[in-house]
Amino acid sequence: MNVMNQMKLSFPSVSTNEGFSRAAISAFILPLNPTVAEVADIKTAVSEAVTNAIVHAYPDTVGTVYIDARITDDNRVIIKIRDAGIGIADVKQAMEPLYTTSSDERAGLGFAVMQSFSDKVRVRSAVGKGTTVRLEKIIHSAYDQR
């Protein structure tokens with residue numbers, strides 16, 4: 001699996017940048033000629049990961065969210081969303097549907113949504129050091145063009 005293209009972004013953890021991340025990742029994957037559904041899946045998964053970083057990683061301050069995206073020669077999109085925030089003490093528990101540490105009206109479905117719209121999701125976190133969410137999605141419509 002060879003990397004055919006890649007990009008890196010970083011931006012402040014403010015809510016307006018959630019939309020920016022969706023637009024940027026959409027533009028990045030367009031050369032694969034994804035279907036509307038494939039674009040929507042990736043945008044939704046990225047949106048959830050970025051929102052988690054904005055809301056949970058930096059609850060009392062503005063930090064930085066990092067996105068590293070790659071397209072491989074087997075039409076796989078690999079996206080890492082990383083923060084240097086407070087981290088997650090128990091990743092397994094945090095990935096349970098309806099679990100949330102937020103005191104507002106959050107549903108606790110972020111990781112479940114990421115899993116339903118991605119082919120693979122991996123989460124690594126260390127308390128006080130931050131979290132990295134790795135999303136993978138194969139763009140099947142790219143195979144149809146061969």
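A search of the whole structure finds 1 cavity of 30 Å³ or more.

Because the model is predicted, local features need pLDDT of at least 70 and side-chain atom pairs count only at pLDDT 80 or more, whereas totals for chains, interfaces and linings use all residues. Residues are numbered from 1 along each chain as its sequence is written, and side-chain values use heavy atoms, with hydrogens and water left out.

**Stop 1: the lining of the cavity**

Select Asp-41, Ile-42, Ala-45, Val-77, Ile-79, Phe-117, Ser-118, Leu-135, Glu-136 and Lys-137, which line the largest cavity. Lining residues have an atom within 4 Å of a point. The lining holds 6 nonpolar, 1 polar and 3 charged residues. In this division Ala, Val, Leu, Ile, Met, Phe, Trp, Tyr, Cys and Pro count as nonpolar, Asp, Glu, Lys and Arg as charged, and the others, Gly among them, as polar.

Which elements each supply at least two residues of this lining? They are helix H2 (36-57), strand S3 (76-83) and strand S5 (130-138). Helices (H or I, at least four residues) and strands (E, at least two) are DSSP runs, numbered from the N terminus.

**Stop 2: the whole chain**

Now colour the chain by secondary structure. It has 5 helices and 5 strands, and along the sequence they follow the pattern β-α-α-β-β-α-α-β-β-α. Of the 146 residues in the chain, 45% are buried; buried means under 20% relative accessible area, exposed over 50%, and partly exposed in between (1.4 Å probe, protein chains only).

**Stop 3: the sheet**

In what order do the 5 strands stand in the open sheet? The order is S1-S2-S3-S5-S4, with antiparallel pairing. S1 and strand S4 (120-126) stand at the edges with a single partner strand each, so one side of each has no neighbour in the sheet. From one strand to the next, the twist averages 10°. Two strands are taken to pair if DSSP finds at least two bridges between them.

Centre the view on S5. Since 8 of its 9 residues are buried, S5 is largely enclosed by the rest of the structure. S3 and S5 run antiparallel and are joined by 7 bridges. Select Arg-76, whose bridge partner in S5 is Ile-138, and then Lys-80, whose bridge partner in S5 is Arg-134.

Turn next to S4, which is joined to S5 by 7 bridges and runs antiparallel to it. Val-121 stands opposite Leu-135 in S5, and Val-123 stands opposite Val-133. S4 and S5 form a hairpin with 3 residues between them, and Gly-128 in the turn has a positive phi of about 80°.

**Stop 4: the helices on the sheet**

Axes are lines fitted to C-alpha atoms, for helices over the stretch in contact, and angles run from 0 to 180 degrees between N-to-C directions. Contact means heavy atoms within 4.5 Å.

Within H1 (residues 16-29), the buried residues are Asn-17, Glu-18, Ser-21, Ala-24, Ile-25, Ser-26, Phe-28 and Ile-29. Their cover includes strand S1 (3-12), H2, strand S2 (64-72) and S3. Pick out Asn-17, which counts as buried because its relative accessibility is 15%. Leaving aside residues up to four places away in sequence, Asn-17 touches Phe-11 and Pro-12.

**Stop 5**

Finish at Thr-35, in the loop between H1 and H2. With 36% relative accessibility, Thr-35 counts as partly exposed. Select His-140 as well: 105 residues separate Thr-35 and His-140 along the chain, and their C-alpha atoms are separated by 8.7 Å.

Note on methods:
1 Å grid on protein atoms, 1.4 Å probe; cavity = no way out; pocket = protein on both sides within 12 Å on 5 of 7 lines; lining within 4 Å. Points joined across faces, edges and corners; volume = space filled by probe spheres on them.
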